[in-house]
Amino acid sequence: MSELLTDIEAIRAHFPILSREVNGKPLVYLDNGATSQKPQSVIDAISHYYEYENSNIHRGVHTLSQDATAAYEDVRKKVQKFINAKHDHEIIFTSGTTDGINLVASSFGASLVRKGDEILITAMEHHSNIVPWQMLCERRGAHLKVLPISKEGEIDIEAFKKLIGPKTELISLVHISNSLGTINPIKEMIAIAHAQNIPVMIDGAQAVHHMPVDVQELDADFYVFSAHKMYGPTGVGILYGKEELLNDMEPYQGGGDMIKNVTFEKTTYNDLPFKFEAGTPNIAGGIGLGAAIDFINSIGFDFIQAHEAELCRFAVSQLRDIKGLRFIGTAKERAGLVSFVLDGIHPYDTGVILDKLGIAVRTGHHCTQPVMTFFEVPGTVRASFAVYNTKQEVVKLVEGIDRVKRMF
Amino acid sequence: MVGTVENIEAKEQEIIEEFSLFDDWMDRYEHIIGLGKVLPLISDELKQDDLLIKGCQSRVWLHANLEDGKVLFTADSDAIITKGIISLLIRVLSGQTPSEIINTDLTFIDEIGLKEHLSPTRSNGLVSMVKQMKLYALAFRTQQNNPS
């Protein structure tokens, strides 16, 4: 294996967009929790696919289709290895995390959730991990139970144990919170749920690019994530599911690729993974995801974790000294971001001025309105990090906030 | 007083001239923030849910009534920059006739370099607010034309 990439300037050089200016200032991109930037290798992989390999996959006998199929299916194996799934047919391509959750809510729900059953989520979930379950509960006459969080933004394991009951059919929870940065103790929670034979789905959208994820070690039943937050393209994501559960579930959408045999009387469905992949997929996106995994592997999680943890520590230590700044989310185990409010200054106003300074942060409720309600804030300012961010950028953020404070 | 209000174009021109004094974005924004801070635009008892226009990021309250054939607006927001821009919109539109309000396209916002705030992607409630102002004007005009 070639030498790992561990020099920040060398890493930054892979991202063309990082050298552009915004509002006449060098871009400081701290909105990685929304989407990360893409390295040249991902951009090239997508272009190369369209320039040399484009064709529809599976079933084509001609060379292009064979090549495209091989390239796409190689990515499935790459993802399998990336999250250490047991089988490559446990890797389902989706359009993103939201799609993966909706797939499980729909298919698992149709097969296994009945009137009076309970689905358990936490109070720190993204709307994507709330609304599909609400819709399922409404359809089925089931109940959505919500595990509360502490003022630090942490889960209480004892409360979790108490909330699980004989009617709990599925637990769905976030690995790393997108608005608080909390890393949930999912391995422990999965073990607790499994002691009562309850499957657990993990929303890993904010996790897979920050830390190594081993679905077998976690014993997760479902694990979903998006390519675009891990240096890959938008419009593609992964649902990992244990073989036996996926086999028990109804197909999600009907169409091409997901069938074995179709007559007007009866259709038999294809085997995994194709049973859940109706229609022509986002082939170029899948190939981009493969390149994104290669990029992550070229750096390695040892460096990624150490560098991002140092960035977060530095950001907290710098921001803490700002008078009137209050962190939202102070869990002991955190990753990837800092979320805060400024006394008397609306997050929207902060975001507008920071943008004028070339600093991209996210302001608002981050699609977690219940979290904002819990902390009694209209929204927060969130700076979220990727491996290419630097301490100098954190310093620019701090200077930007000083500027904001002087203006309001 | 209502009867002597200048028309929309004159008001817009006045604001464009006012903003032409500023060299850079910083001064422009400081002016807007100043406008946002000065005015208590709407009384607290009017900050009710039925007057609330929900933006994704900031909230806007808008109230309108018709006096002597002119529409009078009051409005507010929880974000200061949004509030500053609201005060400009109110300066231009409040006290005008329903027809004038319906027909204006508010080009001054673009001319003073604040177009981005009226982009739907900003989700600050301003786009919906302008739409709502025009809807009020339309409703008042209908009322005038069909007195019950």
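This is a predicted model: local features need pLDDT of at least 70, side-chain atom pairs count only at pLDDT 80 or more; totals for chains, interfaces and linings use all residues.
Domain bounds here come from an automatic or database domain assignment.

View 1. Residues are numbered from 1 along each chain as its sequence is written, and chains are lettered from A and ligands numbered from 1 in the order in which they are written. Chain A is divided into domain 1 (8-30 + 300-407) and domain 2 (44-297). Their C-alpha centres lie 28 Å apart.

**View 2. The side of domain 1 of chain A that touches domain 2 of chain A.** Contact (C-beta atoms, placed from the backbone, within 7 Å) joins 24 residues of domain 1 to 21 residues of domain 2. On the domain 1 side, at least two residues each come from helix 11 (301-319), strand 14 (337-342), helix 13 (369-375) and strand 17 (380-384) of chain A. Helices (H or I, at least four residues) and strands (E, at least two) are DSSP runs, numbered from the N terminus. Helix 11 of chain A gives the most, with four residues.

**View 3. Helix 12 and helix 14 of chain A.** The axes of helix 12 (residues 347-356) and helix 14 (residues 391-407) of chain A come within 9 Å and cross at roughly 120°. Axes are lines fitted to C-alpha atoms, for helices over the stretch in contact, and angles run from 0 to 180 degrees between N-to-C directions. A:T350, A:I353 and A:L354 of helix 12 meet A:G400, A:R403, A:V404 and A:M407 of helix 14.

Technical notes
Two residues are in contact if their C-beta atoms, placed from the backbone, lie within 7 Å.
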